[in-house]
Amino acid sequence: MIYDATACPQDIAYPTDVGLLNKSREITETIIDELHAKSPQGKKPRTYRKVARKRFLKVAQNRNPSRKVIRNGIKSQLQYLGRNFKTIEKQLDGFGVFPLAHRLQQKYWIIQTVYAQQLKMFNAKSHQVEDRIVSIDQPHIRPIVRGKARAKTEFGAKIHLSLVNGFSFLDTISGGQTLRPSFGKGSGKPRKARREEPG
């Protein structure tokens, strides 16, 4: 019996903190527009989207931005995103039933987690946080440190496999950030059961 831990890389654009925040901000703008269209009371809330977009591009189009430029870019996107969240919560208070479609509601929950994670890292001046989201469309994907010369970090799910009599079995799948083996209580019973399976 052979055991192995590996990663299943996903084909996603290389994530950046400012890029994730910019996409999150754009989603909040879509939500604000939709909520206002469903209940157009008073003037449409201001989002400063053109200014926010311009500040994002200042970082994104810079081929070699300094740490200060990146940090300022993250700070500005956090501020715009936090402001939009307050606007959305105020809009939602005017509805008796939650008005967002399931898909948009799910994205709203995801970007709130992205905001909380990015704010925590920004305040701590860190680049690490537990269960870090790197893709809004695929929030289950996690950064995995492989230690390869060509790609030190890959993005995908971590899996544990066992090979029995020429057959591969998927023991566990997780979003951990390293490939350190964790075979133990959770996978012991399945392995034992497989030994008793007819060949």
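Predicted model: local features only at pLDDT ≥ 70, side-chain atom pairs only at ≥ 80, totals over all residues.
Over the ring of which residue does the charged end of Arg71 sit?

Residues are numbered from 1 along each chain as its sequence is written, and side-chain values use heavy atoms, without hydrogens and water.

**View 1. Arg71 and the ring of Phe122.** The charged end of Arg71 sits over the ring of Phe122, 3.8 Å from the ring centre. The criterion is NZ of Lys or CZ of Arg within 6 Å of the ring centre and within 35 degrees of the ring normal.

**View 2. The tilted pair of Phe85 and Tyr108.** A search of the whole structure finds two aromatic pairs. In the pair of Phe85 and Tyr108, the ring centres are 5.9 Å apart and the planes stand at 55°, so the pair is tilted. Rings of Phe, Tyr and Trp (its six-membered ring) pair if their centres lie within 6.5 Å; planes under 30 degrees apart count as stacked, over 60 as edge-to-face and the rest as tilted.

**View 3. The edge-to-face pair of Phe85 and Tyr115.** The centres of these two rings are 5.4 Å apart, with the planes at 75°. Phe85, Tyr108 and Tyr115 form one aromatic cluster.
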